[in-house]
Amino acid sequence: MYKFLLCLRYLRTRYIALICIISVTLGVATMIVVNSVMAGFTHEMQARINGMLGDLVFECRSIDGALDADQHIAKIHQIAGDSIQGISPTVHVPSLMYIDVRGQLLTKQVTLVGIDQASYASVSQFGHYLQHPANREQLEFKLRDGGYDVYDSQASDVSQLKERWQMKTAGWPHRRQMARLKKQRQSQQRTHPPYDPGKAKDQPVRAINPFAAIAGSIDADAGTSQTGDFDPATQTHVGVVLGIGTCGYRAPDGSDHFVALPGDDVKVSFPTTSLPTKVINEAYTIVDVYESKMSEYDSNFVFVPLRELQASRGMIDPETKIGRFTSIQIKLAPDVDAQLVRDQLRDAFPAQLYSISTWRDKQGPLLAAVQMETAVLNVLLFMIIAVAGFGILAIFYMIVVEKTRDIGILKSLGASGRGVMGIFLGYGLSLGIVGAGVGMLMGLAFVANINEIADLLGRITGQPVFDPSVYYFSKIPTIVSPVTVAWICVGAILIAVLASVMPARRAAHLHPVRALRYE
Amino acid sequence: MNKLVEAAIPRTSTPSQNESRAAMPGLAHMATRGLFKSYQKGAIGIPVLQGIDMTVYQGEFLSIVGQSGCGKSTLLHLLGTLDQPDAGEVYFEGHRIDHLPGASRDVLRNRHFGMIFQFYHLLPELTTLENVLAPALISESMLGYWSRRKQYQLRAMELLDMVGLGGRAKHKPRELSGGEMQRAAIARALLRQPKVLLADEPTGNLDRSTGEQIMQMLRGLNRDQGLTIVMVTHDPFIADQADRIVRLVEGRLTEGPLESAANPQRPSGLIA
């Protein structure tokens, strides 16, 4: 009983020990915040990757693909039918995309993906990331007559967002306007004669557009692979959905700007499946823009209808009309082990021809890097708490020395060495509990108000903590895991107790007489 | 362990009999035989006790006198099993106690011996009442203490009243005077109804009049409750108030006729 009583009294009277507990408090608070934020980011990332890719990706190793998606799908259903919630064939082909921006040609290296409108929504959440509400319901590769979102539909707090004013006229209105402007320019060129080098030398030199040949071919009225009487004001090419990273950029103030809008045309060059390989150009009309918040996807993928892409690449067998495909994306039922199904499929399809991966396999390096970061951070922060342990050890040692006579008295009254040791171990334990407890409350409070704190810091220092042009999140994602918090607190308390062992043992072994005589 | 020690030391007659002031050379309450003790100061061994044979009789008030630093306190510590002799034995109620394991000696100090010191040694973080309760707090587990706390608190308050500190129960030691602290220490020593009270220079840090008060208290305890008291002091006036005096000179005891402070006599040699 005396141990408990003395522990409590020491806790209340010795402020110096409480001060050395501050390291433990800060360490615990920081670890909780860091782990929550990392968990939040990782979860967001994983959710988006999983959302885009589906659970399993079944790929053909050849760029020309394999024949008959339906047959393959049937076989996959045979093997893993019960687990499959959604399945959709696609064609992936590396390509170059050209966007005409006021006479300048913007070239982007993208992966052109042909998707089956009917089934793609069952495997990928890609539909959620589109800008037009009607397309989010059901994607159709048709240009809409306005109504595209002017604000990011995925943000939780609209008040923080900058308006994407260009989107106000996106769709048919924008297309018609651009067609009208082109007609005006053309008629102006006819009335004003072109530059004649033979005439006056002091006429201004008009810069020659080196991409004029290709740029000219993008102009709808200059004629494309289709017939010359294509009217952009009333007709579109095959629809394409671009990633926001391919046609737009974010300014440092957080506003998004687009170089091409739904209604504009783009040209894409990609190889066909014939031998020798031919490269063809196809013109597409932008029908929507998707924003998955993962720059890897937003800057690299553009989507077109599967059937049209197959036709362009010569992937459709002329007699059977069956198309080739390069990959099948599969969504599994919840709680199904993706790795199990992957292994089942791997056994069924020869590895030289087909590559089957889970979404984690595809993004392995990225996720592993994040895991490692988290692990390293945890180790470093735990070191801080361990350092605090040494502080506790030193302070306790001094306390034991200070209390030498008291320990002598306790022993003269019949306290055992074990009992005296128990006082100091108990003291260490209670300090650990107080420190970890306060640290936990601080950490949880910080996490709950992390966005407000980040804003405050941004205002004080003048620099935004999370630069919106770099990070796609408008709010910092956090996930507090009770297990992690518990482990952190237990670890901190353990360190406090371990640090008190040495001084406690010294107290236990003090000789009563020498202790009583201590000056 | 408690029970074993209790069984090993049979209960003798209760100490609360009214016995006359002069102790009967009857029952030996405590005894030592051939005690040797030396201290190490670096490489040098300083012999302190060189063969002490003495007897403490039941109910007597014994005073051990000698120069400062001559080993009186050491002898007292050995009697109270706070320390262990290099050679020789210590007996309590006929049983040898110096060789007992640590836990048994803890019980002896907790239940059968009461100790007071020159520097009171109250725990500064506890109130006066809690200090008096200390022996109970030490020997009882949390549950045990909790179930008996009323009894203990009653007894502690009784003792505090007896020593005249009834109104100071909630005060911390730093709010008490020297005399009051020593009185609290006496109350603490008596909590478990010990059989022997060991006092190491109890008035050493007090002025004359306060010291007198303390001595009065001790004499009262010895007389009214028959408590055996062994007191160590260097002050012959204080020593005089005991029933019997033994002198510690050069590591050995002499017991002469009662010496008065006015007429100190030289020791006449070794007497057992």
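# A tour of the predicted model

The structure holds 3 cavities of 30 Å³ or more. This is a predicted model, and the tour starts inside it.

**Stop 1: the largest cavity.** Select B:Arg109, B:Asn110, B:Phe113, B:Gly114 and B:Ala189, which lie nearest the centre of the largest cavity. Its volume is about 60 Å³. The lining comprises 13 residues: 6 nonpolar, 3 polar and 4 charged. Now colour α3 (102–112), β6 (113–116) and α6 (178–190) of chain B; each supplies at least two residues of that lining.

**Stop 2: helix α4 of chain B.** Select residues 128–139 of chain B, helix α4. Is this helix mostly covered or mostly open? It is mostly covered, with 11 of its 12 residues buried. The buried residues run from B:Thr128 to B:Ile138 and include B:Glu130, B:Asn131 and B:Pro135.

**Stop 3: chain A as a whole.** Chain A has 519 residues, of which 47% count as buried. Its secondary structure comes to 19 helices and 13 strands. Among its contacts between residues at least 6 apart in sequence, 77% join residues at least 24 apart.

**Stop 4: helix α14 of chain A.** Select residues 364–402 of chain A. At 1.5 Å a residue, the 39 residues of this helix should span 57 Å, and the end C-alpha atoms are 57 Å apart, so the two values agree. Next, pick out its buried residues, among them A:Leu367, A:Leu381, A:Ile392, A:Phe396, A:Ile399 and A:Val400. Part of their cover comes from α2 (15–20), α3 (22–53) and α13 (359–362) of chain A. The cover also includes α15 (404–412), α16 (417–448) and α18 of that chain.

**Stop 5: the largest nonpolar core.** In soluble globular proteins, nonpolar side chains tend to be buried together. Here the largest nonpolar core has 116 residues. Which of them touch the most other members? Select A:Val28, A:Phe424, A:Tyr427, B:Met30, B:Met54, B:Leu218 and B:Val230. Helix α18 (residues 482–508) of chain A gives the largest share of this core, 9 residues.

Zoom in on A:Phe424. Leaving aside residues up to four places away in sequence, A:Phe424 touches A:Tyr10, A:Phe396, A:Ile399, A:Val400, A:Ile407, A:Ser500, A:Ala504 and A:Ala507. Of these, A:Phe396, A:Ile399 and A:Val400 are among the buried residues of α14(A) from the previous stop.

Key:
Residues are numbered from 1 along each chain as its sequence is written. Chains are lettered from A and ligands numbered from 1 in the order in which they are written. This is a predicted model: local features need pLDDT of at least 70, side-chain atom pairs count only at pLDDT 80 or more; totals for chains, interfaces and linings use all residues. Side-chain values use heavy atoms; hydrogens and water are left out. A nonpolar core is a set of buried Ala, Val, Leu, Ile, Met, Phe, Trp, Tyr and Cys residues joined through side-chain atoms within 4.5 Å. Buried means under 20% relative accessible area, exposed over 50%, partly exposed in between (1.4 Å probe, protein chains only). Helices (H or I, at least four residues) and strands (E, at least two) are DSSP runs, numbered from the N terminus. Contact means heavy atoms within 4.5 Å. On a 1 Å grid over the protein atoms alone, a cavity is a set of points where a 1.4 Å probe fits but cannot get out, and a pocket is an open set with protein on both sides within 12 Å along at least five of seven lines; lining residues have an atom within 4 Å of a point. Grid points are joined across faces, edges and corners, and a volume is the space filled by probe spheres set on the points. Ala, Val, Leu, Ile, Met, Phe, Trp, Tyr, Cys and Pro count as nonpolar, Asp, Glu, Lys and Arg as charged, and the others, Gly among them, as polar. The expected span of a helix is 1.5 Å times one less than its number of residues.
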